[in-house]
Amino acid sequence: MSSSNEARKDNLLVGLAGQQNAGKSTTFNMLTGANQHIANYPGVTVDKKTGFYRYKDVRVETVDLPGTYSLTSFSLEERVARDFLLTEQPDVIVNVLDSSSLKRSLYFTLQVLEMDFPIAVALNMMDVAKRNGTHVDVEKLSHRLGVDVIPTVGRRGKGKNELRDAIIATANRKEHNVLRVTYEELEPEVAALEEELGKTKMQGKYPLRWMAVKLIEGDSEAQRIVREELGENSAAQTKANEIRDKFEEDHYMDVADFMLGCRDRLATDIVESCVTEEKEGRDTITDMIDNIVLNRFAAPFFLVATVFVIYQLAIVQGYELTNYWWPYLAKVRSFIADLLPAAGLLEDPYVRSMGLWMVDSANGLLNYIPIFVILFSLIAILEDSGYMARIAFILDKLFHSFGLHGQSTLPYILGGVFAGGCAVPGVMATKGIPDERSRMATILTVPYMNCLAKIPFYTLLINVFFVEYKSWAMLFLSTFTIFAALLISKLLTSTVLKTMETAPFVMELPKYHPPTLFGVGQRAVERTWQYIKKVGSIVVAVSVCVFTLLQFPGLPAEKMAEFEGRMDQALVTFQTKIKKSSYAGQFGDVQSVVNLLNLYHDYKNDKMSIRGKEASLALNDKYKAEYPGMYMFLKPGADKDAKVVNRALRKLSSSRKSLRREMKEVRISNSFLGMVGRSLEPVTQWAGFNWKINVAIMSSFAARESSVATIGVLYQQGADENKSLEERVGSESGEGGFTPLHALAVMIFFALYPPCLATTIMIKVQTGSYKWMTFSILFPTALGFLAASVVYTGGSAANLSGIQMMGIFYGFTVLLTIALGLFNSWRKDPEPLPDFSGRVTE
Amino acid sequence: MKKITVVLALAALLAFAGQAFAHTPLVSCFDNGDNTITCEGGFSDGSSAAGVKMYVKDGNGKTILKGAMSEDSEYEFNKPAGAYMVIFDAGEGHQIEVNGADIVE
């Protein structure tokens, strides 16, 4: 450490930067232990992890930057990492390199060096390098880069104190003689532009050489910065444009490619001078595994097996765990219910209704937690092991044609490609997709997959209207959604998502390395915790809106009077029945009856959360102790007079429950949502929907329990018009009846319609935007309606049967998908970036 | 006519039961003390269990009763003599079994 007259800094801000899979998060954990905090970077949904530690009287705040390949404007993570560097001006950048893939890592290092920040290098994964026979001359590397280089093995905490020492030394070093990338023929122009920038107010505020390089490269973010700082048409921007135009005119080469080549050659030279490989000719572990995993014929099977395991563990086993998890959520609900005003006879106080609605909405989402913990653990294992990059590699060519990414595979599988899935974990799993446009396209199309809740509805309609073609109909629905998702992704990425940042697929396959338990577990917990926090805030906003739409204006006065009359009748019956009981005197007024009803209701609710004999007996003891004067009416035992009350109570409770259900159905029908459903009838008739179906569709989205009403509505069709079931089923174009063509239109609509409120809430969580959440509701609804209308109206006009129209629609969808896929592969591919996956040579 | 009704009923049952997959199925049973048992069902997100298939089997595993949850998600039956098991069939791989011995008075 060099001597200094300045006081040593005792508070440091450190940015941890590096490529994905270099072990950056593991290094972060090594430096900071468990003392960490997670937020979002401003304005984006990228996680910002901050940790603290104290070492030799220095307090160090460490920020884990997103893993990136470079600092261009290609992806959200890259811009976030670079914006942090520019705005926060950290004291030290710790660049984590993967010593077993040094050249690939150095590509990023050279860009960070160019930004003039004090840098220390953590040469990580030295154990993997050693095992592969790769030897890095640390001292020589340090000399060539001009910075401290500390060998580390993050997983085992090796190099921890040395790295901390290097951080302090780097922060206090007065002069930094770091390696500079030379841009060969362009070097004079870079120097000239740097000088030009030096005359502006950007001097001292930005690293000017880096800015000059970026402007000449045509980097959009750099251009934006210059516009903001110096205005439109500044001298610097003009000069940069001239330099680029002239170079490309003289050399017939894109400037960005040329500069990339300069860095590449420099990285190659450094590796050649600092790295030696032993055991030449012998496959490394990674190569051995890849010979199988990436084998042209074996790759698909290995991929399918991996995805199948994830599906089985996360979805199938996760659901098993919800059986044990749910009782805790139910206890929370009971606790909150006790805090709210007591239930009324037929209607609850508004505060209670709203409160319980919100709790139910939140619980519905929180019930997924066991699934998420498992899912995120498995994803973290894939990421840390290096196989995730290979999944992207295998599938990217196919998906790229439709604007998707290789890593879109997992979200689709979880959403339900073939077997029933669930869009909520599917959307959640898009977090790892590095390309923002692809990620958005995936988020917006995962809901089209066949979630578990959709399948029984399809089954019902198929069994009623397509019995003879059952297999074909199920095949249609199972696979139609895949083609629909690909087509819609293509549509979205060509239109509303067109301006989003996209990135060329970089063919870099990291070495395999074992995930750490701490790293995997921590990430799973972090992501699940993020989910829980966001559910808490979003559910409040959405539940209030939906609740209002469903509750108001409420029941018409005459309807309410009718229900009250029936309830009064039930009360009279109750009073009559208990008259002979010696306890009759206790229930002379309505309020005491309401109290009894509510107690009975609470008891049954608590019973729903437990299992087994011991738990039941314990619950009984609890109620006996808390309500000694009322318990005998819940459990009369040998008390005959109590038994009379109990029997009457059960009947009364049943009546109340039925009336409440009927009231709810009428309330929804008369609600604002119901009014919208009716007013849409002139439009929806083209899809064969009447107002009843409209209301059922809208309410089944907002309140899933109303999905029963959807089926009830469909059953009512024939009954209302006095048509026998036989006549209806036998007729393919019955006038006024519900025909197979109707059924097909409804199924297509439901295939494209948002599966549930939870999914749209999850889309909000992932996009950080209510705008996209709204889009994810309106666009699929409009598209579903359009498709249903084409099918129903077109089919009717052409006098086609349901099964015929199904075949035509399916054929059209499949052919269009194939045509679009092939079309893109015919287009000339842009020049690929240099391949860094080759082995380092001596 | 009868055949179609059966198909519709089975389809409806299957459809209702399938609703369970998207959330956790719930059921509890009470001995009413008058030789009847009432079972109440539901799902974790508040969805109705109406239509979910219900079976009661005797000690030998033979099905002695078949039915479905009512519109109010309840199913009542006479208590069988001897050992019995109540099955709430919310779809393949997602049944809940309640042992008669666990249904306490």
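Q: In this predicted model, which residues touch the most other members of the largest nonpolar core?
A: The largest nonpolar core holds 110 residues. Those touching the most other members are L375(A), F466(A), Y531(A), L744(A), M747(A), I748(A) and L752(A).

Q: Which helix gives the largest share of this core?
A: The largest share is 11 residues. They come from residues 740-752 of chain A, helix α33.

Q: Which residues does Y531(A) touch, not counting those up to four places away in sequence?
A: Y531(A) is one of the core members with the most contacts to other members. With residues up to four places away left out, Y531(A) touches L365(A), L366(A), Y368(A), I369(A), F372(A), V424(A), M428(A) and M762(A).

Q: How many residues are in the second, separate core?
A: Its members include V112(A), F117(A), V147(A) and A267(A). The count for this second core is 60 residues.

Q: Is I243(A) buried or exposed?
A: I243(A) sits in helix α10, residues 235-251 of chain A. Its relative accessible area is 10%. Buried means under 20%, so I243(A) is buried.

Q: What distance separates the C-alpha atoms of I243(A) and L193(A)?
A: I243(A) is in contact with L186(A), E189(A), L193(A) and I216(A), leaving aside neighbours within four places in sequence. L193(A) lies 50 residues from I243(A) along the chain. Their C-alpha atoms are separated by 9.1 Å.

Q: What share of the residues of chain B counts as buried?
A: Chain B has 1 helix and 7 strands. From the N terminus, its elements run α-β-β-β-β-β-β-β. Of its 105 residues, the buried share is 58%.

Notes. Residues are numbered from 1 along each chain as its sequence is written. Chains are lettered from A and ligands numbered from 1 in the order in which they are written. This is a predicted model: local features need pLDDT of at least 70, side-chain atom pairs count only at pLDDT 80 or more; totals for chains, interfaces and linings use all residues. Side-chain values use heavy atoms; hydrogens and water are left out. A nonpolar core is a set of buried Ala, Val, Leu, Ile, Met, Phe, Trp, Tyr and Cys residues joined through side-chain atoms within 4.5 Å. Buried means under 20% relative accessible area, exposed over 50%, partly exposed in between (1.4 Å probe, protein chains only). Helices (H or I, at least four residues) and strands (E, at least two) are DSSP runs, numbered from the N terminus. Contact means heavy atoms within 4.5 Å.
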